[in-house]
Amino acid sequence: SGLHRQHGKQGAGGGGGGGAKGIYAKLTIAVVVLLICTLSLLFSATIGGNRGSLEPSEINAEELWESAKSSGWRPSSAPRSDWPPPPRETNGYLRVRCNGGLNQQRSAICNAVLAARIMNATLVLPELDANSFWHDESGFQGIYDVEHFIQTLKYDVQIVESIPEIRKNGKTKKIKGYQLRPPRDAPIEWYTTVALKKMQEHGAIYLTPFSHRLAEEIDNPEYQRLRCRVNYHALRFKPNIMQLSESIVDKLRAQGHFMSIHLRFEKDMLAFAGCIDIFNLEEQSILKKYRKENFAEKRLVYKERRAIGKCPLTPEEVGLILHAMGFDNSTRIYLAAGELFGGERFMKPFRDLFPRLENHSSVDSSEELVTNTQGLLGSAVDYMVCLLSDIFMPTYDGPSNFANNLLGHRLYYGFRTTIRPDRKALAPIFIDRENGRTAGFEEAVRRVMLKTNFGGPHKRVSPESFYTNSWPECFCQVSPKNPADKCPPDNVLEVLDSRLENKVTSDPETLAEKNSTSRTER
């Protein structure tokens, strides 16, 4: 106001009334502009403050020992729409031979159950082709609880342990399954046409090999939920494996939290990835020979592969990531890994950072594990310990069925914390460090890791597998925005039991069998 008065006096003395009005107009505009700028700055500060609260500037390692936030979601693979029980009369028998390691076989078993449901077939207990990978003859019955498997899936498919013999013209005859090789990632239509036609012609079909032989992305949530029922409920390891795994977990947890790491630094994976330049000439020769004998010929340049994150993390790099995230040398770590390639010289830098390293043999030296450490039993125990650990970290989750299945199982098990390093984003940071540029190394690692998902619900984006992330199909909300995400009623099992009972009692053959049994007992 003093400024206004001063300008007013000057105007009066100069006789310029119009000039005074011009000054007032300019001052008014200046005040308005200043007000707008002030409000804009306040608004920006508010938004910036809110964003900062959602994206912390540093990682709190202590918080990672707890499960990730669920955002109101919980696991649920029960049917949410009409799901009739399997009919007594099916179109025939389905046999499958699941090849690969334990977790590749696990996915194949889920696909086999779904294929049987799609074709209205009776599933014969899946065969595990242990010879080609593990040289282990355990088979399905030696690893999984058969009775639990059949009982859990009684609302979905009929399952038998073997194809029964039939009597025809006074002779006992065994049905031979017509052998088919399904296309990789075959669509549902292949099963309802080609496979079903052969099943109806021959009474049984035998699908071999059966790994990745049914498309993962299927536009039918109920079919996807069936896969989850198989994977997370029906496939339970035998009691001796469960007891052994729980015993190891109890011993590890007796001293507090523990983390499990799938340290994929083995000969097969290094040869597959083409990451050999960090080894000496003799080791490089071994890796080249292994690659030539087991994988298709392809020109792979180590520096190029490393730069795009295609190489498995070294044990030292794993330790540096964890250290940058705030974990100290008191952290107890369970290693799920085969024989590490390159020996102790690669493990020493990791062990110097984190000396409290364990594996199933060091925690439990029982004869059962010692004699089966590299077979299906050892893999099954590693799987369960990693599932039950407070934190799980895969170091190479690209083509690793073990890591991918565990990521999906831990998500379903209650959004348990996972640490998934972004190898592509971390590669230039590690390369700089190796070249002597170490300033800001840990801060750069933290910035990358802050952008990763630590185990909470998130949208599945290709190439992420359904078995790695079954959200949202196998999850639900009590109060959802989308009705399709609503949790099924609490009595869903009673409803399914009632439908199954009605199906049995309305079946003439079943009634006849019951009456016959009743008369015999009387």
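Helix H18 is mostly covered, with eleven of its twelve residues buried, where buried denotes under 20% relative accessible area, exposed over 50% and partly exposed in between (1.4 Å probe, protein chains only). The model is predicted, so local features need pLDDT of at least 70 and side-chain atom pairs count only at pLDDT 80 or more, while totals for chains, interfaces and linings use all residues. Residues are numbered from 1 along each chain as its sequence is written, and side-chain values use heavy atoms, with hydrogens and water left out.

Helices (H or I, at least four residues) and strands (E, at least two) are DSSP runs, numbered from the N terminus. The buried set of H18 includes Phe402, Leu406, His409 and Tyr412. Just after this helix, Gly414 adopts a positive phi of about 125 degrees.

H18 (residues 401-412) packs with helix H8 (residues 221-234) at an angle of about 85 degrees, their axes lying 11 Å apart. Axes are lines fitted to C-alpha atoms, for helices over the stretch in contact, and angles run from 0 to 180 degrees between N-to-C directions. H8 is therefore roughly perpendicular to H18, a term covering 65 to 115 degrees, whereas under 35 is roughly parallel, over 145 roughly antiparallel and the rest oblique. Asn231, Tyr232 and His233 of H8 meet Gly408, His409 and Tyr412 of H18, contact meaning heavy atoms within 4.5 Å. By class, this contact holds two nonpolar, four polar and no charged residues.

In H19, the buried residues are Arg423, Leu426, Ala427, Ile429 and Phe430. They pack against helix H12 (302-307), helix H13 (315-325) and helix H20 (441-450). Gly436, which follows H19, has a positive phi near 90 degrees.

An open sheet is formed by four strands in the order S12-S11-S10-S13, with parallel pairing. Strand S12 (357-358) and strand S13 (391-394) stand at its edges with a single partner strand each, so one side of each lacks a neighbour in the sheet. S12 runs parallel to strand S11 (residues 333-336), and two bridges join them; strands pair if DSSP finds at least two bridges between them. Tyr334 has Glu358 of S12 as its bridge partner.

Definitions and conventions
Nonpolar A, V, L, I, M, F, W, Y, C, P; charged D, E, K, R; others polar.
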